[in-house]
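Please read this briefing alongside the sequence and the coordinates.

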Amino acid sequence: MFIGNAAEIVMYSGPLTTAQRQAVESYLAQKWGLVSALPAGHPNATTPAGLPLSVPYAMRLIFALSKFMSTVYTLSTYSLANIANAVTSLSATPSYIWTVAVPSGAKGKNAILAVVFNLYSLTQFTANQYFDYAVYVDGVSQFMGDSVTMRYVQTATGNYAIAYGGISLGTNGIMGGNPLFFPLVLGPSASQIQIGLTNSSAYMNPVNSSSPGYGSAVLTTSGSGGTLIPQNTFTTPGTYTYTVPSICSAGTVTGVYVYLWGSGGTPKSTNPGGPGGFTSGFYSCTGGATITYVVGSINSSITYGGGGSPGGGGFSGVFSGGSVSAGSCIAIAGGGGASWNGEGGYANGGAGGGLTGSRTYNTTNNVFSGATGGTQSAGGTSGLAGNGSQFYGGAGSQGGQGGGGGWYGGGGDNQYYGGTGAGGGGSGYIGGLSSAAVTTQGSTATVTTSSTSSITPPNTSSPYYQSGYGTGAGGTGLVVIVPAIGTNSVQTGVSATLFSA
């Protein structure tokens, strides 16, 4: 006689084998809380209820967690983002690359964290690169077995580490996309769950950065491919093209730094011509990009940057693509204006190509009046004659100086009836540079000096400056193009779920 309640009846189409019967017994015992009633040594006493042995362990554990843990928190869904902090090379101090707040409802409770993460960088992880990783709660490592951390070693060169596409990429990676499980005891004041890396064999950067690949002037090219040392210093007047290398001896190229000095203007007698301006900054571009550069000189030819008569200094500049135009301009260092000693009222003042067209003498009122400075797209005007153009400065006439030309050069400063004057310093344009852009105007001589070479351009302390260029003695311009070496950020993708009791 049966005395009791039948909670469930299961029917089968045929007799069960012993193994099948024991599986059913295990299923029913765990489902109804009767595991203690299973006989000692029962082979399926610990199999999660209702799941066959062939189901992956991770899936069985997730099923059990979702069934018996009262609350489930989705802490993070997978997407790549820059790591939160730089990972120092070979340091035992954890660098936390991912942090999430502990849900308020999970504080003071037991919990289990299921987490999958990997790393990505455009700069590839190399074979045998390694680091130790662990999960932390407020800086305290949550033990994985008998170890405080787990060491990961990259198997082959690649952009991903830990795992990618369900495949482990090294030893102690995440296998087959299955998550790692960490039992957590979250105190009432627990605030953060973290993934931390220690003892990394290589520095990991949290942001993209760039720096010049070479710290001094390079006058000739040598090598090729990964041994290439490209020429970066150009002083021959004219218009040329430069192809940005993809890789050089310093590393992978992410753009170029440019350093520009405009040409100095023509001096006259003891009056120095104005020096060229200085402009520099970073231009972001890919390997293989074409840059046109102009090295300015004292010449009326547009090809050479231009100048007025008797010879304002031409601009030095860089342009995207293969031509010189206002629309393709990246940066300009304007040329200096020429000086002139007027004689008998027939002064022929010159001007550089530019922004600071200085003063014009007004013969009617016997005073100096302002000449209009040039802009990027147009020349300045003279008080009498000799307007500048987009590319070069204008000549002066009786009693007047030439107007400043375009591309931000200095105007000439002439006095009337045998007086003295000196050229204005060139300025610059930085509108096409990506970052770190600066432009500095050259000095304008205000007194007669005994030396025609005493006025020098700005930033001659630069490690890329070559003596004698851009000076008020009429030296040509100077163009320096230095490949930029980039450091790519390391990113992490994290999928994390917290099962709270």
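In this predicted model, Ala114 has Phe181 in β12 as its bridge partner, and the two strands concerned, β4 (residues 109-125) and β12 (residues 180-186), pair in the antiparallel sense over seven bridges.

**Aromatic pairs**
- Across the whole structure, a search finds 13 aromatic pairs, among them the stacked pair of Tyr160 and Tyr164, with 3.8 Å centre to centre and 20° between the planes.
- Within that pair, Tyr160 is buried because its relative accessible area is 17%, whereas Tyr164, at 44%, is partly exposed.
- Trp261 and Tyr465 form a tilted pair, at 5.3 Å centre to centre and with 55° between the planes; this pair links distant parts of the chain, 204 residues apart, since Trp261 belongs to strand β18 (residues 251-261) and Tyr465 to the loop between β26 (435-440) and β27 (478-487).
- Trp261 and Tyr465 are both buried.
- Phe234, Tyr240, Tyr242 and Tyr293 are linked into a cluster by ring pairs.

**Surface patch**
- Val10, Tyr12 and Leu16 make a nonpolar surface patch of about 250 Å².
- Leu16 lies in the segment before α1 (18-31) and counts as partly exposed, with a relative accessibility of 36%.

Key
Residues are numbered from 1 along each chain as its sequence is written. This is a predicted model: local features need pLDDT of at least 70, side-chain atom pairs count only at pLDDT 80 or more; totals for chains, interfaces and linings use all residues. Side-chain values use heavy atoms; hydrogens and water are left out. Patches are made of residues with over 30% relative accessible area and no salt bridge: like charges are joined within 9 Å, nonpolar side chains (Val, Leu, Ile, Met, Phe, Trp, Tyr) within 5 Å. Accessible areas come from the Shrake-Rupley method with a 1.4 Å probe; for residues, only the protein chains shown count as cover. A salt bridge is a side-chain nitrogen of Lys or Arg within 4 Å of a carboxyl oxygen of Asp or Glu. Helices (H or I, at least four residues) and strands (E, at least two) are DSSP runs, numbered from the N terminus. Buried means under 20% relative accessible area, exposed over 50%, partly exposed in between (1.4 Å probe, protein chains only). Two strands pair if DSSP finds at least two bridges between them. Rings of Phe, Tyr and Trp (its six-membered ring) pair if their centres lie within 6.5 Å; planes under 30 degrees apart count as stacked, over 60 as edge-to-face and the rest as tilted.
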